[in-house]
Each structure stands twice: as structure tokens, then as C-alpha cells.
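Please open the model in your viewer and keep the sequence panel beside it. The tour below moves from one selection to the next and says what is found at each stop.

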Amino acid sequence: MKVLLVGATGNLGIRLVAALLTHGHSVVAFVRSSKKLESLLPASVYRQITVVQGDATDSISIKKAILESSCDAVVNTAGLAAILPWGRSELPAIFRAVLDAVREAGLDRQKPLRAWFLAGMGVLYYPGSESMLSNYLPIYLEHRQNLRLLQSLPSNTVDWSALCPGTMVPESSHFNVPTTSSRGKLIANAASPPSWKDSWIKHIPLIGMTLLSGMNMGRYETSLEQNAEFIASDLETYESQWSGTTVGIIDGSK
Ligand SMILES: NC(=O)c1ccc[n+]([C@@H]2O[C@H](COP(=O)([O-])OP(=O)(O)OC[C@H]3O[C@@H](n4cnc5c(N)ncnc54)[C@H](OP(=O)(O)O)[C@@H]3O)[C@@H](O)[C@H]2O)c1
């Protein structure tokens with residue numbers, strides 16, 4: 001596919017450049033600074049991509065980049081959610097702008113675009129319930145409002161998925177193509193985290209669910225490379241089993 005990658009200079013974005021190329025995609029990187037992107041990538045990789053400079057809060061520029069480059073898919077890794085409930089970041093404005101651009105570009109070309117967005121584990125449901133994990137651990141709450149935007153879209157306007165990782169750590173700072181990873185593939189699950197460990201602890205009045213959620217969180221650390229590989233691999237086909245859903249993941253090799 002031809003993929004517009006918004007936020008290609010970030011921790012996940014830079015690894016997605018390499019992973020998307022490894023999976024045979026064409027990459028159009030949408031970044032604030034092409035110089036920064038060029039400084040991060042090996043010259044042999046930078047030469048293989050198209051770069052568009054712009055601000056990710058500017059929906060019109062993003063839509064123009066999608067249509068002028070004839071992109072089939074968009075991946076947004078731009079913006080970083082504020083940790084604390086009262087914190088504010090640019091992520092909600094970026095998310096809305098990218099989503100508007102994707103939706104409008106799809107309307108213009110009369111075919112919805114495929115789009116991957118990043119959220120966090122907090123928007124996944126506690127297994128077996130319809131209560132979000134962030135009800136028990138109220139951090140990174142901006143992802144909740146972003147998800148509401150996705151869920152309120154009229155059907156057949158954006159073919160979206162939202163990846164909901166726990167902490168992502170780097171395996172390497174070399175971004176060569178093809179990519180290599182010392183870890184295996186991720187195990188994924190729609191709407192709630194895979195392989196959740198249940199315990200009697202959840203029955204402790206008032207704090208049980210929070211304690212158990214906190215105890216589980218550490219088990220969901222994955223690498224940035226694994227997440228990049230997951231998205232790049234999913235985009236190999238137009239039909240995705242993750243369409244219209246949040247996706248929880250765990251490192252199956254641990
Ligand atoms: N890292 C984690 O452990 C983790 C875990 C769960 C979820 N997430 C979510 O995953 C996403 C990616 O995380 P990350 O660690 O890769 O983030 P990151 O390293 O902070 O990257 C953020 C990217 O956003 C770009 N950006 C910010 N504002 C922009 C704007 N106005 N216009 C264009 N680009 C803009 C930055 O560009 P510049 O280089 O120009 O600043 C950078 O490329 C985030 O939404 C985060 O909340 C991360």
C-alpha cells in the first residue's frame with residue numbers, strides 16, 4: 001500500500017518507516033522537519049521515501065498530502081498523550097485533524113481509507129466487562145476522547161483501527177531495511193488485553209481492581225519494533241481483522 005505516516009520522526013514513527021518499507025509499502029512521511037527525519041534515517045532508507053513537511057494539526061495539509069500522493073492508508077503516530085488526568089497535550093488536536101483529513105480524503109475519492117491510530121492500554125476493556133482499564137488507573141485519559149471520535153464516525157467513512165500498547169521500549173537505534181527484531185510477534189486481541197492474569201486481589205473492596213490492573217500493566221511492555229512490525233504487517237491486505245476496533249497486545253515471546 002501507499003501509506004501516509006504522520007509523525008515519522010517519533011519513537012514509533014521512525015521504526016514504522018523501516019517496517020513499512022520492509023513489508024513492501026511505499027512511504028510518504030508527514031513531518032514538521034524533513035531535516036530532522038533525514039538526520040535520523042540511514043541515507044539509503046531516506047532515499048526510498050517521499051517527505052511532506054507540515055503540521056499535524058493542519059487537516060487541510062494532511063488531506064492534500066493523502067490525495068496528491070494517492071495514499072491508500074494513513075498511520076498516525078504524531079502527538080504524545082499527557083500522563084496525568086489534568087495534563088493537556090496537542091494530541092487531541094492532532095488526532096482530530098488527522099481523522100478529519102482521512103475522512104474527507106475518503107469521501108473525495110469515494111472509498112474509505114485504511115487508518116491506524118495510536119491509543120493506550122487504558123481504553124481497553126477490563127476483561128469480561130465493559131469498563132475501561134482507565135477507570136481503575138486514570139492516566140493518559142486523552143486517548144478516551146480520541147476513541148470517542150472514532151466510534152462516533154458514520155459507518156463506511158474511515159476503515160480505522162486503534163493500537164493500544166502498554167509501555168513501548170526500543171530494541172535498537174538503527175533503522176535499516178529490512179528490519180530485524182530479537183523478539184517475536186505480538187499476540188493481539190480486540191477490545192481487551194490478551195492473556196490478562198486474574199486474581200482474588202480484585203475482590204479487595206475499593207482498591208482491588210486498581211491493584212490488579214497495576215500488577216498486570218508491567219506484563220504488557222512491548223518493543224517499538226514489534227508494534228511497528230504489527231501495523232506494517234496488517235497493512236499488507238485491505239481486509240483487516242482489526243477494522244473498527246481497539247487492539248490490545250502482549251509480547252508472546254516473554
Ligand atoms: N511510547 C510509549 O510507550 C507509548 C505507549 C502507549 C501509547 N503511546 C502513544 O503512541 C504514540 C506515539 O508514541 P511515541 O513514543 O512514538 O511518541 P513521540 O516519540 O513523542 O513522537 C511524537 C511524534 O509526534 C510528532 N508531532 C508532535 N506534534 C506534532 C505536530 N503538531 N505536527 C507534526 N508532528 C508532530 C513529533 O514530531 P517532532 O519530531 O517534530 O517533534 C514526533 O514525531 C503517542 O500517541 C503515544 O501517546 C506511546
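Predicted model: local features only at pLDDT ≥ 70, side-chain atom pairs only at ≥ 80, totals over all residues.

In which loop is Ser69 found? Select Ser69 and you will find it in the loop between helix H4 (59-68) and S4, where helices (H or I, at least four residues) and strands (E, at least two) are DSSP runs numbered from the N terminus. At 13% relative accessibility Ser69 counts as buried, the scale being buried under 20% relative accessible area, exposed over 50% and partly exposed in between, with a 1.4 Å probe and protein chains only.

Residues are numbered from 1 along each chain as its sequence is written, and side-chain values use heavy atoms, with hydrogens and water left out.

Next, select Leu84, in the loop between strand S4 (73-76) and helix H5 (91-108); at 41% relative accessibility, Leu84 counts as partly exposed.

Turn now to the charged pairs. The structure holds 12 salt bridges, each a side-chain nitrogen of Lys or Arg within 4 Å of a carboxyl oxygen of Asp or Glu. One of them joins Asp159 and Arg114, whose closest N and O atoms are 3.5 Å apart. Because Asp159 lies in strand S6 (residues 158-164) and Arg114 in strand S5 (residues 113-118), the pair ties together parts that are 45 residues apart in sequence. Asp159 is partly exposed at 22% relative accessibility, whereas Arg114, with a relative accessible area of 2%, is buried.

Select Arg183 and Asp251 for another salt bridge, 3.1 Å from N to O. Here the link runs from the loop between strand S7 (168-169) and strand S8 (186-190), which holds Arg183, to strand S10 (residues 245-251), which holds Asp251, and the two residues are 68 apart. Arg183 is partly exposed, with a relative accessible area of 24%, while Asp251 is buried at 4%.

For the last stop, show the helices. Helix H1 (residues 11-22) and H8 pack at an angle of about 50 degrees with their axes 8 Å apart, the axes being lines fitted to C-alpha atoms over the stretch in contact and the angles running from 0 to 180 degrees between N-to-C directions. That makes H1 oblique to H8, since angles under 35 degrees count as roughly parallel, over 145 as roughly antiparallel, 65 to 115 as roughly perpendicular and the rest as oblique. Finally, select H5 with helix H6 (residues 142-151), whose axes come within 10 Å and cross at roughly 15 degrees, so H5 is roughly parallel to H6.
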